[in-house]
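Subject: Structure handover, aromatic contacts

Hello,

Here is the structure for your files. My notes on its aromatic rings follow below.

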Amino acid sequence: MRLKRWEEELHRTLSEMECGVRYLEWSGSWWLQRVGTHTDVHLDIQSGLDGYARCQAAIRRNMAALWVTKWRMVLCELQFDDPWPTSQ
């Protein structure tokens, strides 16, 4: 019974890890889509908004890459399959 619960928790944790990375990647893309969308404001303001959006995208993508790197090492050490493609 305990083994079954442990396996369920492990599956749930791995799934949440994967969802977290996917969300950060999606969120980074979403921020990049905001670049250039504020055409009704002064050019200086638009430039600032675009810079902010690029910065937010970079933060999220870097966080996703960091999570994958750290989690991949742990999963490898525990001899689990890598849930992320090697391109990350």
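Aromatic cluster and its surroundings

Trp30 is partly exposed, with a relative accessibility of 32%. Please keep in mind that the model is predicted.

A search of the whole structure gives 4 aromatic pairs. One of them joins Trp30 and Trp31: the ring centres are 5.2 Å apart and the planes make an angle of 85°, an edge-to-face arrangement. Trp31 has a relative accessibility of 17% and is classed as buried, because the cut-off for buried is under 20%.

Trp31 also pairs with Tyr52. Here the centres lie 5.5 Å apart and the planes stand at 75°, so this pair is edge-to-face; the angle required for that class is over 60 degrees.

Taken together, Trp30, Trp31 and Tyr52 form a cluster linked by ring pairs.

There is also a charged group at Trp30: the charged end of Arg34 sits over the Trp30 ring, at 4.4 Å from the ring centre.

Regards

Terms used
Residues numbered from 1 in each chain as written. Predicted model: local features only at pLDDT ≥ 70, side-chain atom pairs only at ≥ 80, totals over all residues. Heavy atoms only, no water. Phe/Tyr/Trp six-rings, centres within 6.5 Å; stacked < 30°, edge-to-face > 60°. Buried < 20%, exposed > 50% of the residue type's maximum accessible area, 1.4 Å probe, protein only. Lys NZ or Arg CZ within 6 Å of the ring centre and 35° of its normal.
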